Amino acid sequence: MHKGILKARNALALATLPFAMGAAFAADAPALSAEAKAASGKIYFERCAGCHGMLRKGATGKNLEPANTAKLGSSRLEKIMSYGTEGGMPNFDDILTKDELKNMASYLQMPPEAPPEWSLADMKGTWKLHVPVDQRPTKKMNNVNLNNIFSVTLRDAGEVALIDGDTKKIWGIVKTGYAVHISRISLSGRYIHVVGRDGRLDMIDLWYEKPTVVATVKAGFESRSVDTSKAKGFEDKYAVVGSYWPPQYTILDGLTLEPLKNVSTRGTTVDGAYHPEPRVASILASTTKPEFLVSVKETGMVKMVDYSDLTNLRETTINTAKFLHDGGYDSSKRYFLVAANASNKIAVVDIKEGKFEALVDTAKIPHPGRGANINHPKYGPVWATSHLGADVITLIGTDPKGRPEHAWKVVQELKNHGANSLFVKTHPKSDNLWADSPLNPDPKLAGSVTVYKVSELGNPDAKSEVIDIAAAANLGKTKGLQRVVQGEYNEKGDEIWYSVWTGNKTEPSAIVVIDDKTRKVKQVIKDKRLVTPTGKFNVHNTQHDVY
Ligand code: DHE
């Protein structure tokens with residue numbers, strides 16, 4: 001076996017794939033030295049594969065197989081990567097050097113390389129139970145209000161910061177996987193599960209004096225999602241990790257992270273074509289049934305995975321649309337709404353009945369995060385999403401019993417201050433609906449957020465306020481854009497926190513805390529340990545799917 005693969009199999013902290021191996025160069029592809037090719041492969045994995053796929057077949061981003069990239073040619077490819085596009089592709093001229101961009105343009109015209117597989121046995125080889133369950137504290141050993149802890153992704157440090165939401169002080173910093181992505185909280189509220197882009201899953205126990213990692217495993221080479229079982233009788237029993245590469249989901253013991261069951265998602269798409277890389281995007285744990293809802297990006301199917309019997313695992317496979325990405329519950333928690341972003345649709349799954357409910361046409365490339373549930377003065381319960389490809393916030397009716405005329409229809413489109421948005425947010429105790437636009441190439445727009453008063457939305461002239469959060473953070477001039485990303489509420493729902501993300505490890509960053517009533521800055525959290533903060537996951541809100 002190739003040395004690089006062996007190394008990958010053994011190294012838990014592995015950040016990248018063995019890029020330098022294998023595949024032949026196309027005869028007429030631009031040449032690159034082995035070193036430049038390996039470096040470009042690493043950049044591709046770190047910056048591009050998430051949207052375009054390891055095999056470059058395209059999903060959120062375009063197909064980048066040589067048949068397409070060779071037509072564009074080196075100079076056009078370099079321009080697209082440098083300045084981004086209006087279709088949602090971000091600019092990389094502030095992250096990559098001119099030489100790196102040039103090499104990437106050549107690399108993309110070469111054939112893609114298939115990375116190695118990753119089996120249950122491989123995972124078990126990396127599994128580390130740092131503290132067995134019977135050696136963990138039997139009661140909480142700290143005086144921290146755990147419900148109001150924020151687990152903050154420090155993306156480029158490969159760490160999370162646990163910030164005490166009451167005092168705004170960092171309670172602890174925990175080393176995690178490479179380019180750490182999201183945190184989810186077990187139903188008991190005791191454990192935080194953190195997944196890195198390198199597939200490393202860490203489980204943090206909040207009952208110690210300081211947050212402590214009690215188990216670690218590498219579930220794949222590239223992963224984005226994790227959740228834990230929330231049904232009655234299964235509280236904290238299982239965790240599930242969704243991987244981009246290999247395309248699979250893995251069910252693990254919820255208290256030890258021992259890998260238990262690995263299921264490939266390769267297969268046919270909603271169009272009936274075979275796809276070799278159907279990646280696992282969002283995962284939602286049902287609160288009423290022992291099921292995980294697993295969105296398979298490239299097939300356009302949602303799998304409802306019944307985990308009550310892992311030997312006789314039952315999957316209900318629901319056809320929706322391509323390519324599935326992120327999503328969350330409606331306010332009744334009966335429905336799962338998930339973005340099919342290449343189809344410009346939101347797919348709706350009825351969790352109770354276990355079947356397809358609706359496909360809703362929206363503006364270009366919806367990107368909701370978990371979405372936001374508000375009680376609209378005119379349309380009742382609606383779920384909101386913003387968009388990567390349009391400067392609007394879309395409101396969709398979610399009450400088929402009480403308001404069938406509005407159910408699964410776009411009832412209103414609100415103006416967002418810019419396109420290239422990633423996340424909307426609200427809280428049941430708040431009268432505000434917020435949206436960001438962090439990937440906008442215009443610094444002013446990337447640094448601002450839009451906010452609407454929910455109770456005024458019945459008025460067709462409802463006005464939004466645009467707040468320049470980056471200016472409030474007062475970071476001075478930075479090389480990278482100051483991207484303001486992902487609002488997250490505190491437990492009480494009276495503060496919303498935004499990250500000011502400069503996308504660069506060496507530049508200062510901040511978290512801006514806004515008073516939700518007055519919409520004025522309450523505090524700016526600055527600390528040299530806050531390296532590239534992005535996602536923030538409040539324990540109470542994440543644990544109970546409050547959004
Ligand atoms: Fe994410 C959620 C995938 C880039 C911050 N992101 C998700 C989910 C998926 C996903 C599938 C849903 C997980 C779930 O709910 O189970 N993200 C991807 C990508 O493929 C993509 C586009 C490119 C990549 O290479 O990874 C990508 N994501 C980013 C970022 O660059 C962000 C802005 C910063 C970062 O830290 O990486 C980012 N993604 C987030 C956040 C969530 C998320 C904060 C959770 C939102 C929530 O409210 O739950």
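# Close-up views of a predicted model

View 1. H181 sits in the loop that runs between β4 (170–175) and β5. Helices (H or I, at least four residues) and strands (E, at least two) are DSSP runs, numbered from the N terminus. The model is predicted: local features need pLDDT of at least 70, side-chain atom pairs count only at pLDDT 80 or more, and totals for chains, interfaces and linings use all residues. Residues are numbered from 1 along each chain as its sequence is written, and side-chain values use heavy atoms, with hydrogens and water left out. NE2 of H181 is the only protein donor of the iron atom of the ligand, at 2.2 Å. Donors are N, O and S atoms within 2.8 Å of the metal (3.2 Å for Na, K and Ca); water is not among the atoms, so sites may look incomplete.

**View 2. The shell around the ligand.** The ligand is surrounded by 24 residues, and H181, R197, R224, Y244 and T534 are the closest. A residue is near a molecule or strand if one of its heavy atoms lies within 4 Å of it. By class, the shell holds nine nonpolar, nine polar and six charged residues. Ala, Val, Leu, Ile, Met, Phe, Trp, Tyr, Cys and Pro count as nonpolar; Asp, Glu, Lys and Arg count as charged; the others, Gly among them, count as polar.

View 3. The side chain of T534 places an N or O atom 2.5 Å from an oxygen atom of the ligand. For R370, the distance from a side-chain N or O atom to a ligand oxygen atom is 3.1 Å. G50 takes part through a polar backbone atom, 3.3 Å from an oxygen atom of the ligand. Two or more residues of the shell come from each of α2 (34–52), β5 (182–185), β9 (222–228), β15 (280–285) and β35 (533–538).

**View 4. The largest nonpolar core.** This core has 43 residues; Y44, M81, L201, V241 and L257 touch the most other members. Two or more core residues come from each of α2, α3 (66–83), α4 (98–107), β6 (191–195), β7 (200–205), β8 (212–218) and β10 (238–245). The top contributor is α2, with six residues. A nonpolar core is a set of buried Ala, Val, Leu, Ile, Met, Phe, Trp, Tyr and Cys residues joined through side-chain atoms within 4.5 Å. Buried means under 20% relative accessible area, exposed over 50%, and partly exposed in between (1.4 Å probe, protein chains only).

**View 5. Contacts of L257.** Residues up to four places away in sequence are not counted here. L257 touches W127, H193, L201, D202, M203, A215, T216, V217, A239 and L252. Contact means heavy atoms within 4.5 Å.

**View 6. N91 and helix α4.** N91 lies in the loop between α3 and α4. N91 counts as buried because its relative accessibility is 9%. Its side chain makes a polar contact of 3.0 Å with the side chain of D93. Beyond four places in sequence, N91 touches M81, S82, Y83, G84, P441 and R483. In α4, the buried residues are L101, M104, A105, S106 and Y107. The buried residues of α4 pack against α2 and α3.

**View 7. T153 in strand β2.** T153 belongs to β2 (residues 149–154). T153 is buried, with 0% relative accessible area. Neighbours within four places in sequence aside, T153 contacts E159, V160, V180, H181, T532, P533, T534, G535 and F537. From T153 to G50, 103 residues apart along the chain, the C-alpha separation is 17 Å.

View 8. W245 and P246 are joined by a cis peptide bond, with omega about -15°. P246 lies in the loop between β10 and β11 (248–253). K322 to F323 is also a cis peptide bond, with omega near -20°. F323 lies in the loop between β18 (314–319) and β19 (324–329). R56, in the loop between α2 and α3, has a positive phi near 60°. R56 is buried, at 1% relative accessibility. Q486, in strand β31 (residues 483–489), has a positive phi near 55°. Q486 is buried, with a relative accessible area of 8%.

Key: A polar contact is a pair of N or O atoms within 3.5 Å; within protein, one must be able to donate a hydrogen and the other to accept it, and residues adjacent in sequence count only if both atoms are side-chain atoms.
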